[in-house]
Amino acid sequence: MRNAYFVLAALAVAVVTFAVARLIDNAYVFFAGYVVLQYVVLATAWNILGGFTGYVNFGTAAFFALGAYTTVVLHKTMPFLPLPAMMLIGGAISGLIGLGMGYLTLRLRGTFFSIATLAMAVVAQTLITNWNFVGGSRGAYIIRPSDSPIFSGDYIQYLFVVMLALSVISVSLARAIQFSRLGFGFSAIRDDEGAAEASGVPTLKLKLIATALSGGLMGMAGAPLPYYVTYLDPASGFSLSYAVNTIAMPLIGGTATWLGPVIGAILLGTLQQVATVTISSALSLLLVGVLLVTFVIAAPKGIVGWFKK
Amino acid sequence: MSNTLLSVAGLGKRFGGFTALNDVDLDVAEGERLGLIGPNGSGKSTLVNCLCGTLRNDMGKVTFGGHALNGMAAHRRTRLGMARSFQLPRPFTTLTLAENIRVPILYAANVKTGGHAVDPRERCDALLDMVGLLPKADLKPADLTQIEMRKLELARAMASDPRLLIADEAMAGLSNQEVDEILALLLKLNGQGVTIIMIEHIMRAVLAFSQRLVVLVAGRKIADGLPQDVIRQPDVVAAYLGS
């Protein structure tokens with residue numbers, strides 16, 4: 001019941017957000033807002049595995065780019081598919097990859113797991129770079145339709161709405177998990193895997209659920225990317241900045257709750273967009289670094305943890 | 001003796017060239033209070049880890065309540081009714097005491113009964129009350145004293161509704177009076193029908209608690225019998241005091 005109320009409230013926030021963006025009536029708001037929302041999804045997805053379960057994933061870019069490249073393939077083979085369907089397929093593929101990665105690497109703990117995820121991202125990038133069908137290292141061009149298919153407005157507005165909906169879904173999901181039996185199991189694994197197992201928690205199964213969910217949501221976040229950028233190459237799709245940002249946002253917002261990544265993503269994502277326009281795009285990465293260092297020193301439990309004290 | 005709850009036959013465990021456990025046989029009856037002693041490094045904790053599924057035994061068989069346990073994952077053994085407390089308390093540090101207890105209630109006790117036979121909140125309060133930690137239910141483990149940590153460890157082990165509780169040095173490092181408190185707690189649990197294996201170095205506690213005493217030395221069981229008889233056995237004395 002509480003979950004239903006939360007979804008309704010989140011939907012209301014989403015509707016207001018879209019209404020305000022329409023009122024401002026500037027395409028750039030949608031372009032910038034899309035990126036912020038994309039990071040809300042990515043940070044929330046990362047936090048299910050990294051924050052709740054305690055496994056730090058450096059391979060965000062791989063899941064994200066696999067979702068994007070799924071769309072490239074679908075766009076070439078089945079262009080009639082609507083975008084949400086492509087997102088579901090992209091999410092399913094990234095979720096499966098997450099499951100497989102989890103099965104292979106979850107016996108590793110701590111930094112060893114993190115290094116394995118980083119390695120997996122490199123392997124995935126190499127495979128895509130050498131796959132001619134999706135453009136290889138030349139990249140792929142996708143022509144963005146001009147109008148939104150479901151309401152009157154630009155296609156970018158449609159992309160914005162789609163990402164807004166995905167944000168509502170992933171944040172609601174993360175919140176539902178946090179207060180559920182699954183969430184308690186995840187926390188137990190994060191704190192002490194041996195003690196969790198001794199308390200009856202099926203640790204391997206739960207970790208696989210976490211990697212699959214996390215990877216799947218990242219894939220869904222990546223699926224609309226080709227339509228957003230209209231030109232996708234491996235270097236930009238697999239860019240390390242996705243992984244770095246996605247880790248920095250929950251750390252800044254706070255990893256223990258569903259709210260932390262949302263706050264972190266909105267704050268850092270907006271700052272980056274503003275800095276990109278007003279100062280320079282290179283500054284946005286510096287911003288991440290400075291904020292990360294500041295928060296690790298001053299508020300190691302993030303913004304949410306700071307207010308809870 | 002009544003029904004056998006736990007049966008260990010020919011158990012062996014090696015770490016590389018080192019034999020930690022060698023051909024250990026052990027039967028524990030339902031409702032029994034068993035003391036397990038042995039010098040440091042004699043294989044007590046390895047035995048516990050093999051019983052609970054944290055380690056895999058290389059040889060031998062473990063049967064618990066009619067189930068063969070070989071190769072079974074630790075969490076499934078807990079669900080069958082085998083609970084342990086850790087030698088060094090290992091609480092879930094980011095969770096409150098109440099949430100610490102809630103994990104095994106959700107994942108072991110309620111799985112066994114097939115759903116919602118018990119209300120997690122009530123059961124959680126009852127367990128914390130049993131060990132006297134109810135007023136601190138909303139605190140984090142970091143705020144606890146050493147003995148409170150031990151009590152939390154026992155309460156969490158009990159939260160899975162075990163038939164067998166393995167208390168691995170639940171009293172190490174506690175004062176005399178605190179030892180008595182834990183001892184009383186374990187006796188109370190045993191009175192409720194829980195079979196208990198106590199692993200302990202504090203002889204006063206072991207002798208007061210155990211109905212039967214088993215001695216491990218260098219991975220072998222060298223004695224098994226009434227406590228008064230066992231501690232007079234020459235090889236037991238030799239293991240502890242030297243010959």
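Me: What makes β1(B) and β4(B) a pair, and in which sense do they run?
Reply: Two strands pair if DSSP finds at least two bridges between them, and β1(B) and β4(B) have five bridges in the antiparallel sense, so they meet the definition. Strands here are DSSP runs of E with at least two residues, helices are runs of H or I with at least four, and both are numbered from the N terminus. Within this pair, B:Val8 stands opposite B:Val62 of β4(B). Please keep in mind that this is a predicted model, where local features need pLDDT of at least 70, side-chain atom pairs count only at pLDDT 80 or more, and totals for chains, interfaces and linings use all residues. Residues are numbered from 1 along each chain as its sequence is written, while chains are lettered from A and ligands numbered from 1 in the order in which they are written.

Me: How do you know that β4(B) and β5(B) count as paired?
Reply: DSSP must find at least two bridges, and β4(B) and β5(B) have two, in the antiparallel sense. The bridge partner of B:Phe64 is B:His67 in β5(B). These strands form a hairpin with two residues between them, and B:Gly65 in the turn has a positive phi of about 55°.

Me: Why are β2 and β5 of chain B said to stand at the edges?
Reply: The open sheet has four strands in the order β2-β1-β4-β5 (chain B), with antiparallel pairing. β2 (18-29) and β5 (67-68) of chain B each have a single partner strand, so one side of each lacks a neighbour in the sheet. For β2(B), that partner is β1 (residues 4-15), joined to it by eight antiparallel bridges. There, B:Arg14 stands opposite B:Thr19.

Me: What makes the meeting of α2(A) and α13(A) a crossing, and of which hand?
Reply: The axes of α2 (residues 27-52) and α13 (residues 259-278) of chain A come within 8 Å and cross at roughly 145°. Axes are lines fitted to C-alpha atoms, for helices over the stretch in contact, with angles from 0 to 180 degrees between N-to-C directions. The crossing is right-handed, the term for a near helix turned clockwise from the far one, whereas left-handed means anticlockwise by less than a right angle.

Me: How do you know which residues of chains A and B touch, and how many do?
Reply: Contact requires C-beta atoms, placed from the backbone, within 7 Å. In those terms, 23 residues of chain B are in contact with 18 residues of chain A. The largest share of chain B's side, eight residues, comes from α3(B).

Technical notes: Contact = placed C-beta atoms within 7 Å.
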